[in-house]
Amino acid sequence: MIKKIGLVFIGLLIMVTVGEAQLRYVVPGGSGTRDGSSWENAMAGIKEAINGGGKKVLVRWGTYALTEELVVPSGVEVSGGYGSDGERQSGGTEMTVLQATAKFRVARVEGILDGFTICGGIAAGENGGGVYVVSGGTVRNCIVRNNYAGRYYPRVGDVQLRDGSFLRMEELTAADEPRVRGIVFWINPDPDAVEGNRGWLVSKYPIVHLGVWAGTDGADIQVTDATFETWKEAVEDTMGWSHCQKVKASGRLGYVPAIQKCLEYDVGGWAEEKGKWYLPALGQLRCLVAEYALLERTWKKIFPVDFSFINLVCCSSSEVMGTGPEDMRYVWAVEFTNQRQWGTLSKVYKGSGVTGCISVTSF
């Protein structure tokens, strides 16, 4: 009987010891011995507490500036919002902040994250700028704000790579050129925009030596249905994809080299890109021109050797409507001069020589 009692006592001692080892405390800056065994001896970092064997980590309110993504493993619970009295406080979530200090996601959660404000994260080319919850993970009582997923929030001048991710202009080098799909020139201000309507890309190099916008048989007729009397009306037209698809469906694509070349554009031999690019409408061309200074910086990084649109006439898929047949033979265009400045908007005769065009697409 005495032996049995001793065994029970030892078993209880082991359980208590293991339980204490699995509980860790964290306060801003740490306290006491910083071994995480109590509030008086709390660790300074959540990652440190997890790595130190913490299965449940209690975090006092304050701001925790992270230098890398915080990973909460399966089987671990990280709980914030505790006050100086060791109890969870009303409003503790707002006062317990996980703040990313560089371009990384704030937290990846495979276990449980409870009671934090999560901000400042950026997921470059991935989902979940603030927090990414793995299957089986739980996030509760948290505020997630001011975070960005790089896949959806690139900036004008950044590039989209072939794998669909984005690369910042500042990080771009000539060695990245083979991976570049296109350059961002417009971002949809609607953060809830669906894929295909989040923004526009311009091809990394223009189509030159085009010949004519439309062949002789097509120069005298309306081709795209996108006709306007004045540039003020035409400049609101952003339906380039639709215009080009209508021409393709009409069977007149062979008459319009400018549109045909864009629809056949394959980004340096990537066959899967064929059919995804098109001749921009005037409103899209206007957006591209407005951001040209940033785009040129990107082009120079991709092509260290001087690469410019000197004397290149870039056409739109928006046409000019007039009162007589002759007035129907023009499209809107912009000419880039040898002073490296975009010229004024002009009309180009459909049957005359055109030096090139720029393909665009959506992402």
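**Cysteines, strands and cores**

Cys119 has a relative accessible area of 9% and therefore counts as buried, since the limit for that word is under 20%. This is a predicted model, and the mean pLDDT of its chain is 85, with 86% of the residues reaching 70 or more.

A disulfide is a covalent bond between the sulfur atoms of two cysteines. With a cut-off of 2.5 Å between the sulfur atoms, the count of disulfides comes to 0. Cys244 is accordingly in no disulfide, and the nearest cysteine sulfur to its own, that of Cys262, lies 6.6 Å away. Cys244 is also buried, because its relative accessibility is 0%.

The strand that holds residues 117-119 is β9, and 3 bridges join it to β6 in a parallel arrangement. Within this pair, Val97 has Thr117 of β9 as its bridge partner. Strand β6 itself, which covers residues 96-100, is mostly covered, with 4 of its 5 residues buried. Strand β3 (residues 62-66) also runs parallel to β6, and the two are joined by 5 bridges, one of which links Leu66 with Ala100.

A separate parallel arrangement is the open sheet of 5 strands in the order β1-β2-β5-β8-β12. Its edges are taken by β1 (23-26) and β12 (138-140), each of which has a single partner strand, so one side of each is left without a neighbour in the sheet. From one strand to the next the twist averages 15 degrees. Inside this order, β5 (residues 77-82) and β8 (residues 112-114) pair in the parallel sense over 3 bridges, and Glu77 finds its bridge partner in Ile112 of β8.

The antiparallel part of the chain is an open sheet of 5 strands, ordered β16-β15-β17-β18-β25. Its edge strands are β16 (166-167) and β25 (360-362), each of which pairs on one side only. Strand β15 (residues 159-161) pairs with β16 over 2 bridges in the antiparallel sense, and Val159 has Leu167 in β16 as its bridge partner. Helix α8 (residues 282-290) packs on this sheet, where it touches β17 (180-187), β18 (199-203) and β25, and its direction makes about 95 degrees with that of β17. Helix α9 (residues 292-302) packs on the sheet as well, touching β15, β17 and β18, with its direction at about 170 degrees to that of β17.

The nonpolar cores complete the picture. In soluble globular proteins, nonpolar side chains tend to be buried together. The largest nonpolar core here has 53 residues, and those that touch the most other members are Val159, Phe185, Val202, Trp213, Ile259, Leu279 and Leu295. Leaving aside neighbours within four places in sequence, Leu295 is in contact with Val156, Gly157, Ile183, Val184, Phe185, Val202 and Leu288.

Technical notes:
Residues are numbered from 1 along each chain as its sequence is written. This is a predicted model: local features need pLDDT of at least 70, side-chain atom pairs count only at pLDDT 80 or more; totals for chains, interfaces and linings use all residues. Side-chain values use heavy atoms; hydrogens and water are left out. Two strands pair if DSSP finds at least two bridges between them. Contact means heavy atoms within 4.5 Å. Axes are lines fitted to C-alpha atoms, for helices over the stretch in contact, and angles run from 0 to 180 degrees between N-to-C directions. Buried means under 20% relative accessible area, exposed over 50%, partly exposed in between (1.4 Å probe, protein chains only). pLDDT is the predictor's confidence in each residue, from 0 to 100. A nonpolar core is a set of buried Ala, Val, Leu, Ile, Met, Phe, Trp, Tyr and Cys residues joined through side-chain atoms within 4.5 Å.
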